[in-house]
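Subject: Structure handover and notes

Dear colleague,

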Amino acid sequence: MDNLLTIQRAQSAPPCSVVIFGASGDLARRKLIPALYNLVACGQGMMPAKSAVLGFARREMARDDFRKTTREWTEKFSRLKVEEACWSTFADGLDYLSGLDRPDGFTKLKAKLEAIEKARGIPPNRVYYLAIPPDAITDSVKRLAEAGLIAPPTAPNFTRVVVEKPIGHDLQSALEINRALVKYLDESQIFRIDHYLGKETVQNLLVLRFSNHIFEQLWGSRNVDHVQITVAEAEGVGTRAMFYDHAGALRDIVQNHILQVLALLAMEPPVSLHAEAISESKLNVLRALRPITPDQARANTVRARYVAGTDAEGKPRPGYLDEEGIDKNSRTETFVALKTYIDNWRWSGVPFYMRTGKRMPRRASAIYVQFKDVPQILFNRDLVVPANALTIRIQPDEGFSFDVMTKRPGLDLVLQPVRMNLSYETAFGDGASPDGYERLLLDVMDGDHTLFPSAMFVEKSWEFVQGILDSWNDGARVPIGEYKAGTWGPPEAEQLIRSAGRVWHEP
């Protein structure tokens with residue numbers, strides 16, 4: 001392809017040791033180990049040479065057993081086929097240590113890392129990935145510090161700590177975790193990860209908006225009627241019942257994924273591509289996000305949970321309260337729909353609709369930007385001419401499309417909507433998009449904070465969500481509705497958007 005414009009990565013990071021806390025857990029199995037293998041398997045030196053990966057968990061496991069099980073995980077979950085030569089290189093740097101929950105566990109961790117670094121001839125650059133519950137974060141960072149495993153930010157070798165979402169369970173707990181992190185770490189050493197920001201389409205929001213003059217000129221209340229953000233999941237709670245029943249859709253998806261996407265979509269142009277500049281532009285969106293007060297909650301929020309129904313293949317699926325591991329008296333929502341506004345100059349008066357749910361017809365995440373209707377003159381005098389719309393597909397068919405009106409060929413004047421479509425798979429080839437964790441893990445090794453939420457962003461997002469949670473504490477104010485598994489949500493969600501003469505766009 002001609003006219004490629006490339007912004008190269010900064011010089012590759014030096015070799016490091018990646019320590020995965022909770023290495024026997026679901027996140028490590030499905031995402032982290034396959035992502036790290038893929039960085040080696042790319043064959044482009046993406047993973048710093050001689051780097052090591054150390055699993056750190058509670059259960060006892062021999063190193064050879066860990067290598068065997070990680071290969072099984074990678075063969076099952078990696079987007080790339082496991083090649084023997086690549087696996088041999090990767091496995092050579094794999095090791096395991098138990099004792100995460102023991103008093104002497106972190107002392108042994110220090111000795112283990114020093115032995116690995118000496119054997120592999122690499123400096124003490126360390127990445128600690130905390131794939132553990134939020135309530136264990138503070139204690140783990142404290143014990144790292146007490147064991148002398150955190151180097152100062154001015155040291156020649158780096159220490160970086162990756163914190164998985166959700167950061168906290170509410171605003172108060174998020175504030176406490178952030179305070180604990182900065183007690184032992186410099187902000188430059190903290191990477192709050194949200195894998196959604198590693199998705200190609202989410203990253204492409206910056207490029208789409210700020211390298212295409214046509215879209216930036218249209219972006220705002222002068223031309224946009226409304227915006228929809230949908231994150232739909234076809235599966236139920238699966239193996240996450242214990243976590244999910246204490247979180248729910250609002251905490252699990254809206255507080256991080258959806259608000260991150262909203263910020264990238266609605267932000268003002270940053271002054272540069274530096275992480276600090278992008279972070280400030282995103283943060284300003286949340287500063288302008290209109291809170292949903294208790295007296296507005298019923299008119300602007302919907303919560304519901306799925307009941308028994310069928311999936312897209314016609315297979316029966318149980319209701320949420322019948323799922324294994326779910327409390328029969330649970331009040332947790334599996335679906336949320338919201339309507340809010342961004343009270344700034346660009347977006348004043350434009351409603352933003354957000355929804356997410358489990359057991360919906362299919363897995364799909366998308367942004368739908370509908371432009372204003374054509375004036376009722378000329379073609380729109382006697383006909384209803386559909387408005388132009390931009391759809392940005394985040395998953396699974398990554399890409400975007402633009403709906404325009406055109407004349408159908410023939411002697412009569414017949415108008416027909418046409419979709420101009422870009423599919424990443426068609427345009428760039430199958431397998432072109434790396435998994436979000438691959439990009440983000442590489443950014444951690446490079447020390448690049450661009451795609452990682454700041455402490456203030458996390459706190460502002462919890463402020464918005466906390467207002468809704470407080471409104472929901474009175475169950476009579478916003479009762480929990482129901483929707484059948486395999487549908488797009490409860491009737492209350494339809495009413496939320498139809499009351500303004502609009503309809504949900506199916507992603």
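What follows is a short account of the backbone, the salt bridges and the cavities.

This is a predicted model, in which local features need pLDDT of at least 70 and side-chain atom pairs count only at pLDDT 80 or more, while totals for chains, interfaces and linings use all residues. Residues are numbered from 1 along each chain as its sequence is written, and side-chain values use heavy atoms, with hydrogens and water left out.

Backbone

Helices (H or I, at least four residues) and strands (E, at least two) are DSSP runs, numbered from the N terminus. The peptide bond between Gln-395 and Pro-396 is cis, with omega about 0°. Pro-396 sits in the loop between strand E14 (389–395) and strand E15 (399–407).

Lys-50 has phi near 70° and belongs to the loop between helix H1 (26–41) and strand E2 (52–57). Arg-359 has phi near 55° and belongs to the loop between strand E12 (351–357) and strand E13 (364–371). For accessibility, buried means under 20% relative accessible area, exposed over 50%, and partly exposed in between (1.4 Å probe, protein chains only). Lys-50 is exposed, at 52%, whereas Arg-359 is buried, at 11%.

Salt bridges

A salt bridge here is a side-chain nitrogen of Lys or Arg within 4 Å of a carboxyl oxygen of Asp or Glu. The count by this rule is 26.

Asp-26 and Arg-29 form one of them, at 3.3 Å from N to O. These two are three residues apart in helix H1, so about one helical turn separates them. Asp-26 is partly exposed, with 29% relative accessibility, and Arg-29 is partly exposed at 28%.

Another salt bridge pairs Lys-358 with Glu-233, at 3.4 Å from N to O. This pair links distant parts of the chain, 125 residues apart: Lys-358 is in the loop between E12 and E13, and Glu-233 in the loop between strand E7 (224–232) and helix H9 (241–266). Both Lys-358 and Glu-233 are buried.

Glu-280 and Arg-287 also form a salt bridge, their closest N and O atoms lying 2.9 Å apart. Glu-280 is partly exposed at 38%, and Arg-287 is partly exposed at 43%.

Cavities

On a 1 Å grid over the protein atoms alone, a cavity is a set of points where a 1.4 Å probe fits but cannot get out, and its lining residues have an atom within 4 Å of a point. Grid points are joined across faces, edges and corners, and a volume is the space filled by probe spheres set on the points. There are two cavities of 30 Å³ or more.

The largest cavity has a volume of about 100 Å³. Its lining includes Lys-165, Arg-192, Asp-194, Gln-255 and Phe-457. Strand E6 (190–193), H9 and helix H14 (455–472) each supply at least two residues of that lining.

The second largest cavity has a volume of about 40 Å³. Leu-197, Leu-206, Leu-264, Ile-278, Lys-282, Thr-450 and Leu-451 line the second largest cavity.

Regards

Terms used:
1 Å grid on protein atoms, 1.4 Å probe; cavity = no way out; pocket = protein on both sides within 12 Å on 5 of 7 lines; lining within 4 Å.
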